[in-house]
Amino acid sequence: MGKTPKLCQHLQHEAGKQNLSVKDYIDQKIPRLKEDNSNHFALGLNVRFIFLNEKPVISEQALDEAIGQVDLKELKRVAEWHSNEISRCIRRNQKISDFAKLLEIKVYSTTPDLDQLDRLMRYQTTLQRQLSTAIGELLALTKN
C-alpha cells in the first residue's frame, strides 16, 4: 500500500460501496487483459478524484488489512487495467477533439469567401429581373 495509496483507497472505496472484499471486487469487476489486447472493452471506468488533503474514509489499518489479503500480482493487474483505461479515455478524447476540428474545416470549406459573396451579390438584382421576365413570358405562353 505504501507505493500506491490512492489506488488502494479507491479499491477499498469501490469494494465497500458494493459490500465486497477488495479481493472479490478485483475478481468480479476488473477484467483480465487478453494477451493480444484485442476486442477488449471496459466495463466503464469510474473516475473519482482524490485530493491530497482528503482524508481516507477507512482507517489506514483497515485499509492495510484489506489490501494485505490481495495478491501483489492482482494489484499490479488492477493498476495496469486502470492505466490502460485512462490511456483509452485520453485517446478517445483526442479523437473527439480531432473530429471537432474536422467539422470546423468542413463548415469553412462549404462557406464561400466574403469577397466571392460580394461579387455574387452584384449580379443578384440582374438575375432576379431575368428570372421574373422569364416566368412572366412562360405564364403568357401557357395562357395562349
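1. Which residues does Gln12 touch, not counting residues up to four places away in sequence? They are Val22, Ile58, Leu63 and Ala66. Gln12 itself sits in helix H1. With a relative accessible area of 16%, Gln12 counts as buried because the cut-off for that class is under 20%. This is a predicted model, and the points below should be read with that in mind.

2. Overall make-up. The protein chain has 6 helices and 0 strands, so its elements, read from the N terminus, run α-α-α-α-α-α. Of its 144 residues, 18% count as buried. The chain exposes about 11,800 Å², and carbon and sulfur atoms supply 57% of that area. Among contacts between residues at least 6 apart in sequence, 76% join residues at least 24 apart.

3. In soluble globular proteins, nonpolar side chains tend to be buried together. Here the largest nonpolar core has 15 residues, and those touching the most other members are Leu11, Val22, Ile26, Ile67, Val70, Leu75 and Val78. At least two residues of this core come from each of H1, H2, helix H3 (60–68) and H4. H1 gives the most, with 4 residues.

4. Val70 as one of these core residues. Leaving out residues up to four places away in sequence, Val70 touches Val22, Lys23, Ile26 and Leu75. Val22, Ile26 and Leu75 are also listed among the core residues that touch the most other members.

5. The buried side of H2. Val22, Tyr25 and Ile26 are the buried residues of this helix. They lie on the same side of H2 because they cover an arc of only 95 degrees around the axis.

6. The loop between H1 and H2. Phi of Asn19 is near 55 degrees, a positive value in a residue other than glycine. Asn19 is exposed, with a relative accessible area of 73%. Leu20 has its place in the loop between H1 and H2, and at 22% relative accessibility Leu20 counts as partly exposed. Apart from neighbours within four places in sequence, Leu20 is in contact with Ala15, Tyr25 and Gln28.

7. A salt bridge in H1. The structure holds 4 salt bridges. One of them joins the side chains of Glu14 and Lys17, at 3.3 Å from N to O. Both residues lie in helix H1, 3 residues apart, or about one turn of the helix. Glu14 counts as buried, at 3% relative accessibility.

8. The side chains of Arg77 and Glu74 meet at 2.7 Å, N to O. Arg77 and Glu74 are separated by about one helical turn because they are 3 residues apart in helix H4. Arg77 is buried, with a relative accessible area of 11%, and Glu74 is buried as well, at 16%. Glu80 and Lys76 form a salt bridge at 3.8 Å, N to O; these two are 4 residues apart in helix H4, so about one helical turn separates them. Glu80 counts as partly exposed, at 37% relative accessibility, whereas Lys76 counts as exposed, at 54%.

9. A nonpolar patch on the surface. Phe99, Leu102, Leu103 and Ile105 make a nonpolar surface patch of about 420 Å². Leu102 lies in helix H4 (residues 72–110). Leu102 is exposed, with a relative accessible area of 52%.

Conventions:
Residues numbered from 1 in each chain as written. Predicted model: local features only at pLDDT ≥ 70, side-chain atom pairs only at ≥ 80, totals over all residues. Heavy atoms only, no water. Buried < 20%, exposed > 50% of the residue type's maximum accessible area, 1.4 Å probe, protein only. Contact = heavy atoms within 4.5 Å. Patch = residues over 30% accessible without salt bridge, like charges linked within 9 Å, V, L, I, M, F, W, Y side chains within 5 Å. Areas by Shrake-Rupley, 256 points an atom, 1.4 Å probe, with all protein chains shown as cover. Arc of directions from axis to C-beta. Core = buried A, V, L, I, M, F, W, Y, C linked by side-chain atoms within 4.5 Å.
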